[in-house]
Amino acid sequence: MLPLRVCRLYQFNKVLGQGSFSEVYGVFHLTSGGETAIKVEMPPEEDWKVATLPYEAAIHRHLRGHYGFPSIFWSGMDGGAHVIVMERLGATIEDLRRLCRGHFSMKTICMLAEQMITRIEFAHSRGIIIRDVKPHNFAMGIKRRANLVYLFDLGLGKLYVDPTTGQHKPFREGLVGVGTVRYASANVHAGKEQGRRDDIIALGHNLLYLLHGRLPWQGIYAPSIEAKLRRIWEMKEPEGKVMREFIARSPPEFSAFFNHCYSLRDRMKKEGWSYDWRFDWLDPSGLEAGTLMADCYKIDERFVNLESTELPQPSVLVELDHLLFIGITKGTVEWHLLKLDPQPPTLIKTYHFAAHTKPSNL
Ligand SMILES: Nc1ncnc2c1ncn2[C@@H]1O[C@H](COP(=O)(O)OP(=O)(O)OP(=O)(O)O)[C@@H](O)[C@H]1O
């Protein structure tokens, strides 16, 4: 049942999206008429679960006031639910990729990459690592901010600097990975503590995905989940055959990317491309001449039917205090509840959910 009014001042308008833990509604302010978004999470019924929204609000507070992160107008409890009232954003980069027949031109990649790097760089400058860099978590702004790339959904963000000492937190190994398997760095598969470089490597995977439309480890077969994760890890190793060949058939800047992110700016200069913000979804002339849009790239339902909701993303790995949930799609959705502390992690319980139609992130 959708609420009609939130925080007394905001009138419910439409569903904007649904994540693993929360729902996001479009609302308008009753007196000013201004449109904003409200993220709502009901407190978990089971005592082993922890609400994620207060944590996400705290991460946002660290980044307050910087462009490219949604402004947070209010956060707290309302009507028994955790609520964040925030700036309304436009389509996510993943939605726009689908709109552009599955992949972007190099020009759009360059324009997006610079902004995406800048967002991550700013979070790092505030002592936060993102740990879930993915096209679903970047969105374009709306109205006069339509050219601005936003980074939102920072629920997996974490301080890499110890606020009491100002020192980098100690490096640890033998951890269970956190993030989205498709984009996570090989280090995450190896169970190493994530750092800034893992956000940047994940961004490299994101950009390759946006350029090619898919990554070599998507849709591979393996007899078990463990075998699949191990195979994906092998494929991501920078010295491995798969990654080397993949980079070799990508523009040269990508090999440099992993050493130095700013080479994308050089490519813009070399080609004489101007920052005209004519992204592929506005001006498709930079894309290959195509015929019809393939069925699998049909416009996301939410562009035509804003009442529809998104199904949970199954393969997000989420760390909450000492608990970790790993969701994996294989006909059904499975969530494995693990105890992280003490290491090594121990499986407490596996939960099964009905199969959904949303494609797997693996
Ligand atoms: N400020 C916003 N403006 C417009 N739409 C938004 C906004 N925030 C989120 N959304 C939409 O709602 C969807 C779910 O939001 P979000 O990813 O923040 O939820 P989540 O529960 O943290 O999801 P996840 O499963 O990725 O952790 C997004 O994919 C996006 O489409």
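Let me start with helices α3 and α5: in this predicted model, α3, which covers residues 106–125, packs against α5, residues 196–212, at an angle of about 160°, and their axes lie 11 Å apart. Because angles over 145 degrees count as roughly antiparallel, α3 and α5 are therefore roughly antiparallel to each other. Their crossing is right-handed. If you look at who makes the contact, α3 contributes M106, I109, A113, M116, I117, I120 and H124, while α5 contributes R196, D199, I200, L203, L207, L210 and L211. Sorted by class, this contact between α3 and α5 has 11 nonpolar residues, 1 polar residue and 2 charged ones.

Now to the sheet, which is open and has 6 strands, arranged in the order β1-β2-β3-β4-β6-β5 with antiparallel pairing. At its edges are β1, residues 5–6, and β5, residues 72–78, each of which pairs on one side only. What is the partner of β5, and over how many bridges do they pair? The partner is β6, residues 81–87, and the two strands pair in the antiparallel sense over 6 bridges.

Technical notes: Residues numbered from 1 in each chain as written. Predicted model: local features only at pLDDT ≥ 70, side-chain atom pairs only at ≥ 80, totals over all residues. Heavy atoms only, no water. Pairing = 2+ DSSP bridges. Helix = DSSP H or I, 4+ residues; strand = E, 2+ residues; numbered from the N terminus. Axes fitted to C-alpha atoms, helices over the stretch in contact; angles between N-to-C directions. Parallel < 35°, antiparallel > 145°, perpendicular 65-115°, else oblique. Left-handed = near helix turned anticlockwise from the far one by under 90°. Contact = heavy atoms within 4.5 Å. Nonpolar A, V, L, I, M, F, W, Y, C, P; charged D, E, K, R; others polar.
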